[in-house]
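Open the model in your viewer and get the selection tool ready. We will go from stop to stop, picking residues and looking at what surrounds them.

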Amino acid sequence: MGRGYICKCEKCGYTLNASLGSGMIYPQLIKDEIENMKKGHYGEQGRKFFEEHPDGSISCERVVSRCTKCGNLEPVYDLNLMIPDHEIEQKRQTLMDGINRGDPKFTSLPEDRVKSIIEIKRCVLYEKYDHHCSKCGSKAEIIDEFIKELRQEKIICPECGGKIKEYRFLCWD
Ligand SMILES: [Zn+2]
Ligand SMILES: [Zn+2]
């Protein structure tokens, strides 16, 4: 379930449509974004990552980034670069080896159990994606606690420097 916050600058009317979290389209979305990243749409870091980690993945949580230079606010995907969990990979390998050897300890396991171990995919963070401002190209940082900052009136309007406030809240899936 995602949450949407329509935020507005009281002074100049600048509006930011901040959707946060992940929706129901998650698996397909990740697939699409991985393809985009492989093609280099997200720059060299992402392209190289998949060259070195073909089994890698990314997270697609909706977040808001803030440019360290011009203060531009952007709703983006967090795009953390993930690699398969080593422990799970090892378990899978042990199981596959055991089955291939014909070891009864493994071959006697129920089929659905085997399937669940083979298909499980758990990833751990490998590296954070370096976000860049789409306006000026400078480094942008994800605002980890957007809602908290919003309520503390710490989100500053990139247009006029005024305070941005929550204007409307909606849920989406
Ligand atoms: Zn403003
Ligand atoms: Zn910028």
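**First stop: a buried pair and its metal**

Select Cys67 and Cys133: both are buried, where buried means under 20% relative accessible area, exposed over 50% and partly exposed in between (1.4 Å probe, protein chains only). Before going further, note that this is a predicted model, in which local features need pLDDT of at least 70 and side-chain atom pairs count only at pLDDT 80 or more, while totals for chains, interfaces and linings use all residues. Residues are numbered from 1 along each chain as its sequence is written, chains are lettered from A and ligands numbered from 1 in the order in which they are written, and side-chain values use heavy atoms, with hydrogens and water left out.

Now show the zinc ion (ligand 2). Its coordinating atoms are the SG atoms of Cys67, Cys70, Cys133 and Cys136, at 2.3 to 2.4 Å. Donors here are N, O and S atoms within 2.8 Å of the metal (3.2 Å for Na, K and Ca); water is not among the atoms, so sites may look incomplete. Why is the arrangement around the zinc ion (ligand 2) tetrahedral? Because its 4 donor atoms subtend angles of 100 to 120 degrees, and four donors count as tetrahedral if all angles lie between 85 and 135 degrees. Along the chain, the donors of the zinc ion (ligand 2) follow the spacing C-x2-C-x62-C-x2-C. Distant parts of the chain are linked here: Cys67 lies in strand S4 and Cys133 in the loop between S8 and S9, 66 residues apart. Strands (E, at least two residues) and helices (H or I, at least four) are DSSP runs, numbered from the N terminus.

**Second stop: the four-stranded sheet**

Colour S5, S4, S9 and S8, which form an open sheet in that order with antiparallel pairing. Two strands pair if DSSP finds at least two bridges between them. Strands S5 (73-77) and S8 (131-132) are at the edges, each with a single partner strand, so one side of each has no neighbour in the sheet. Between strand S4 (residues 62-67) and strand S9 (residues 139-142) there are 3 bridges; pick Ser65 and you will find Ile142 of S9 opposite. Arg62, also in strand S4, is partly exposed at 24% relative accessible area.

Next, select S3, S6 and S7, an open antiparallel sheet in the order S3-S6-S7. Its edges are strand S3 (57-58) and strand S7 (123-127). Strand S6 (residues 81-84) pairs with S7 over 4 bridges, and the bridge partner of Leu81 in S7 is Glu127.

Which residues coordinate the zinc ion (ligand 1)? They are Cys9, Cys12, Cys157 and Cys160, each through SG, at 2.3 Å. This site is tetrahedral too, with angles of 100 to 114 degrees among its 4 donor atoms, and the donor spacing is C-x2-C-x144-C-x2-C. Cys9 is buried at 3% relative accessibility, whereas Cys12 is partly exposed at 42%.

Finally, select strand S1 (residues 2-9): 6 of its 8 residues are buried, so the rest of the structure largely encloses it. S1 pairs antiparallel with strand S2 (residues 15-20) over 6 bridges, and Ile6 stands opposite Asn17 in S2. The two strands make a hairpin with 5 residues between them, and Gly13 in the turn has a positive phi of about 85 degrees.

Conventions: Tetrahedral: all angles 85-135°; square planar, octahedral: opposite > 155°, others 65-115°.
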